Amino acid sequence: MTGTSLAGRRPADPAVVQVGVLLELAEEYRLAGDYRAGSGVARQAAELARAAGDATGQARGLRSLANQLLRLGEQEDAVTACREAVAVLEAAGDDAGVCEVLTLQALPLNELGMHEEALDALARARDIAQRLGDRDLLYWVHNRTGVVHGSMGDRGLSTTYLMRALTMADGMDAEARFCILNNVGDNAVHEVSRLRAEGDADGAEETLRRALGHVDEALGLARAAGNPFRESICLDNYGMLLALAGDFTAAARMIENSGAIAGIHGYRSLESAALQHQAHVRLMRGQPAAAIEGLLDALDRAREAGEKPMAMEILRELSEAYEQVGDFAAALGHYRAYHALEREAHNHVAAARARMAVHHFELDNARLETDNARLEAELHRVRSAELEAANLSWQRQASEDALTGLPNRRSVELRLPELVASAGPLCVAIADVDLFKGVNDRFGHFAGDEVLRQIAALLRDHVPEGDLVARFGGEEFLIAFGGLDLPDARAPLRAAAGAGGRLPVGAAPPRAGRDDQPGVAVVPGGGDLGAAMALADQRLYEAKHRGRNRVEAGPPPTA
């Protein structure tokens, strides 16, 4: 069996793992049509993900929550969940995720009667989908745009968008295909009536024939998925199309089955729609009295569910039905009730806009506070780094010779006592660059500086790492070997002195050389450092008077 070893992997965050489990459970409920349970689990997943700092899990939880609240008729809460998901996804830079949620957000906005806002969300989603070149995202944008235009009464434009989406549905999953087939069928109910009213009988019949094929396929997909919500809504559309085809018996049976499924599973809006459409079929059959009874029942259900658009449509149909039976007073009363509810619906939309504007404002403030906190943290990090760099630079300037890059005299004064305090002897040498004044006089100070830099580099190369080589002042250098006694220190000191003597001065003749003249003293562990330094300086003086390229050493001073 092959696979990636788990050794060395960090264990997954338990909270993130739990979020994943909850999201899978929420999806199972959604696919089964149990939106009440699914929305509860999705909300729990989103809150847990937020607390755990899991942006991906939070966005997925909010999207699932919105998708299920939509089916429950809780449209404002669905919009709120979508907006929060978009904020999280924008912060994460997930454009595809933003597009998906905006496409979903259009549905509850549409149900609230906020059609302009729904189309604005879809326009933004379309721009993202086109920029990403994502065919699947564009399919959902066209699908939902068609739904919104249909709700606005523009059935022609709705058909254009829905048919465009239908051509893109090949190869997509069963849920996506069901969605477009069912939407095309729902739109055809209105489109067939419009075409007939305009006298286009052939166009109406062709539209009806295609739509019946679409909803038949959609019903098969809904049943195969075991999703009662999809089956109920599809049966309702199927029934209305059969009624338009003149098969009233089959139509009544389909719609009755739709209402029964909706009642069992608590889909209140679908149950109200089934009652309304049952009554509508009775009107089509010339049974206005029976239709009135069903419409009154449907009106009560729609009002209980808070379905104002549906209640308005039922009131309009009641007015027409009462007119057909000759009860003009009742017809006028329901007509007036229709217009009163229409005004109330407009007020409701305005109030919903105001509430959501407040939420949007709060969401923007929260996002701004988060961005400010992130900016403050970044500024603090940058300031800390700058201060640390400045501190390191200051420390370096205080302890390093600017010309040669070697430790300076101040650094020597700090480090030598530490070396003396360590175990073992310390060999201290002071070297002077002989004839250095002549170099400066003949070739200039820039040449002299280059001599000092190159000698520093040679000394660094010949002194073992961990020992000390420093510029002691002017043309003097100090070398300190920890743990070496005088005999052991002679070899590296002679090598260093010899290397210095062979170094030419830039473009000057080779004879214009320099000699390192070290004077050496050894400090035993705990010995007198000051005395050793004085002795090394004295040895340097003796070396300068006895010749060049010499190492002058003497016995170590005693404490």
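**View 1. Glu90 and Arg124 form a salt bridge, with their closest N and O atoms 2.3 Å apart.** A salt bridge here is a side-chain nitrogen of Lys or Arg within 4 Å of a carboxyl oxygen of Asp or Glu. The pair ties together distant parts of the chain, 34 residues apart: Glu90 sits in helix α4 (residues 75-92) and Arg124 in helix α6 (residues 115-132). Helices are DSSP runs (H or I, at least four residues), numbered from the N terminus. Glu90 has a relative accessible area of 31%, so it counts as partly exposed; buried means under 20%, exposed over 50%, and partly exposed in between (1.4 Å probe, protein chains only). This is a predicted model, where local features need pLDDT of at least 70, side-chain atom pairs count only at pLDDT 80 or more, and totals for chains, interfaces and linings use all residues. Residues are numbered from 1 along each chain as its sequence is written, and side-chain values use heavy atoms, with hydrogens and water left out.

**View 2. Asp95 and Arg131 make another salt bridge, at 3.2 Å between the closest N and O atoms.** Again distant parts of the chain are linked: Asp95 belongs to helix α5 (residues 95-111) and Arg131 to helix α6, 36 residues apart. Asp95 is partly exposed at 30% relative accessibility, while Arg131, at 54%, counts as exposed.

**View 3. Arg453 and Glu450 meet through their side chains in a salt bridge (3.2 Å, N to O).** Both lie in helix α19 (residues 445-462), three residues apart, or about one turn of the helix. Arg453 is partly exposed with a relative accessible area of 34%, and Glu450 is partly exposed with 30%.

Methods. Helix = DSSP H or I, 4+ residues; strand = E, 2+ residues; numbered from the N terminus.
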